[in-house]
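Me: I have a structure open that is new to me, and I'd like to go through it slowly. Could you take my questions one at a time?

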Amino acid sequence: MAITRFLTGITTSGTPHLGNYVGSIRPSVQASLGDNVESFYFLADYHALIKVDDPVRIQRSTLEIAASWLACGLDPEKVVFYRQSDIPEIPELCWMLTCVTGKGILNRAHAYKASVDKNQQAGNDPDADINAGLFMYPVLMGADILMFNAHKVPVGRDQVQHLEMARDMANAFNHRYGNLFFPPQEVIDDNVATLPGLDGRKMSKSYDNTIPLFASEDQLKKLIFSILTDSKEPGQAKDTQGSALFEIFKAFASEAETIAFANEYAQGIAWGQAKQKVFDRLNLELSPLRQRYEALIQNPEAIEKVLLAGALKARKLATPFMQQIRHAVGLRAMQAVTQKKVKTEKIALPSFKQYRESTGLFHFKLLSAQGDLLLQSEGFSSPKEAGLAIKNLQINGSVAMMELGDLVRLEAQASQEQLSEAFEALKQAAEE
Ligand code: TRP
C-alpha cells in the first residue's frame with residue numbers, strides 16, 4: 001500500500017475547546033495511529049499573529065494547544081509534531097506561492113470578504129482595520145500544506161475554499177516550473193465536523209459559546225448545565241433534532257448509547273437529568289486526558305523539547321525540498337551557462353530493474369546504490385507501461401510516486417526521505 005500523508009494545523013490563538021477536540025484533535029490523533037499513514041500536525045503560530053497581537057497570549061496558547069494534543073494521545077515519535085515558526089522554509093515557500101497566486105483569487109477568500117462586507121455594511125472604508133496578513137492567510141496555509149506535499153488535509157468545512165486554493169497554487173506552480181507539488185485534498189468528517197456550542201450555534205471562539213476542553217470538572221458541569229434548551233417540562237417528549245445537548249452527547253457516545261439517549265428524550269427526560277447524563281458521559285472520556293494535560297502544562301520545558309525535535313524532523317524534509325524549489329524558480333548559484341560541469345568520478349546510482357512474473361505481468365523495482373529495495377511496483381500488462389512509469393519516476397521523482405501511488409500501487413519499502421534522496425540522485429545524474 002502506498003503511504004498517505006496527512007497534515008493539519010491548529011491556530012494558536014486561544015484555548016482548545018470541545019469543538020476543536022471533536023472536530024480536529026480526536027480524529028487526527030486516531031488517524032495518526034493507523035497503518036500506511038504519515039502524519040504532520042503543527043501549531044500554526046504565524047497564522048495566530050493575524051488576529052492576536054498579545055505576545056503572552058500567543059505563547060500561552062501555543063503551550064496549551066501542544067499540551068492538549070499530547071494529552072489526547074498524540075505520539076510525537078509517530079507524528080511529525082512541530083511549531084510552524086520553527087520552520088523558516090514555510091514563510092519562504094509562502095512568498096514563492098504568493099507570486100503564482102492571482103490577487104483576484106484572494107479577494108474572493110471567505111474570511112477576507114466577510115471582513116470587507118462588515119466594513120461596507122458599517123459604511124466604513126472596505127479595508128478599514130484589515131491587515132494584509134488576513135488577505136494572505138490562504139497563501140500561508142497553502143505553504144504549510146505544500147511544503148510537505150501532504151495528500152490529505154483534515155479540516156472543518158469552513159476551510160474547504162483554502163484547500164481549493166492550495167490545489168490551485170500547486171497546479172499553477174507545477175505548470176510554470178515542473179511537477180514539484182502534489183495537489184492536496186481536504187478530509188471532512190461529516191459526523192463530527194461542527195459541534196454546537198452553548199447557544200446552539202457552531203461552537204466557536206468568535207461566538208463566545210465554547211466549552212474549554214480541559215475545563216475543571218466543576219467548570220465543565222456548570223457549562224453543560226448552561227447549554228440552551230427549550231422550555232419543555234419533565235415528562236414532555238423532547239426533540240433530539242436541533243438539540244445542542246443531544247448533539248454534544250452524540251459526539252462522545254457510542255451508537256447504542258445515542259439511541260438509548262434518544263429514547264429518553266422521547267420519554268420526556270427532564271433537562272436537568274439529561275444534562276447530568278451529558279456531563280457524566282463527557283467526563284468519563286475527558287477525565288484521564290485532563291490529568292495528563294495538567295501534568296504536561298506544569299512542564300513547559302519538556303514540551304519545548306518535543307516541539308524542537310519535531311521541527312528537526314520536519315526540516316529534514318523541508319530544507320532539501322526548499323532547495324529544489326529555489327532551483328526550480330531560478331534562485332540559483334552563479335555559474336557559467338556554457339561550461340559543462342566537470343564530470344567527477346562515476347558514483348554508484350540507484351537503479352530500476354524490470355522483470356516479468358510468472359503471472360505474465362511486468363513489474364519493476366527501485367534499488368538503492370547499495371542494492372537495497374526501495375520501491376516495488378505491482379504488475380503492468382505490458383513492458384511499455386512499466387517503462388513509462390519508470391520514466392515518470394525518473395523525471396518527476398517523489399511527486400510522480402504520490403500520483404502513481406493510487407494508480408498502480410507502488411509499494412514504498414523505504415522511508416520517504418530515502419526515496420527522495422534516490423530520486424534526487426537520479427535526477428541529477430540525468431541532468432549531467
Ligand atoms: N486555517 C486553519 C484553521 O483555522 C489552521 C491551519 C493553518 C491549517 N494552516 C493549516 C489547517 C494547514 C490545515 C492545514 O483551522
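What follows is a conversation about this structure, from the whole chain down to single residues.

Me: Before anything else, what sort of model is it, and how are the residues numbered?
Reply: It is a predicted model, in which local features need pLDDT of at least 70 and side-chain atom pairs count only at pLDDT 80 or more, while totals for chains, interfaces and linings use all residues. Residues are numbered from 1 along each chain as its sequence is written, and side-chain values use heavy atoms, with hydrogens and water left out.

Me: How many helices and strands does the chain have?
Reply: The chain has 15 helices and nine strands, where helices (H or I, at least four residues) and strands (E, at least two) are DSSP runs numbered from the N terminus. Taken along the principal axes, the box filled by the C-alpha atoms is roughly 85 × 60 × 40 Å.

Me: And what share of the residues is buried?
Reply: Of the 432 residues in the chain, 45% are buried, a word that here stands for under 20% relative accessible area, with exposed meaning over 50% and partly exposed in between (1.4 Å probe, protein chains only).

Me: OK, on to the ligand. Which residues come nearest to it?
Reply: There are 14 residues around the ligand, and those that come nearest are Gly9, Tyr137, Met141, Asp144 and Gln159; a residue counts as near if one of its heavy atoms lies within 4 Å. The shell is made up of eight nonpolar residues, five polar and one charged, with Ala, Val, Leu, Ile, Met, Phe, Trp, Tyr, Cys and Pro taken as nonpolar, Asp, Glu, Lys and Arg as charged, and the others, Gly among them, as polar.

Me: Which polar side-chain atoms lie by a nitrogen atom of the ligand, and how far away?
Reply: Tyrosine 137 has a polar side-chain atom 2.5 Å from a ligand nitrogen, and aspartate 144 has one at 2.7 Å from a nitrogen atom of the ligand. For glutamine 159, an N or O atom of the side chain is 2.9 Å from a ligand nitrogen.

Me: How much of the ligand does the protein cover?
Reply: The protein covers 86% of the 360 Å² of accessible area that the ligand has on its own, the areas coming from the Shrake-Rupley method with a 1.4 Å probe. The elements that give two or more residues to the shell are β1 (4-11), β2 (37-44) and α7 (132-146).

Me: You mentioned β2; how does it pair with β3?
Reply: The two strands run parallel and are joined by five bridges, and strands are said to pair if DSSP finds at least two bridges between them. Phenylalanine 40 stands opposite valine 80 in β3.

Me: Is β3 (residues 79-83) mostly covered or mostly open?
Reply: Strand β3 is mostly covered, since five of its five residues are buried. Val79, Phe81 and Arg83 point one way, Val80 and Tyr82 point the other way, and all are buried.

Me: Last one: where is glutamate 186, and what does its side chain contact?
Reply: Glutamate 186 is found in strand β5 (residues 185-187), and its side chain makes a polar contact with that of arginine 167 at 3.0 Å. A polar contact is a pair of N or O atoms within 3.5 Å; within protein, one must be able to donate a hydrogen and the other to accept it, and residues adjacent in sequence count only if both atoms are side-chain atoms.
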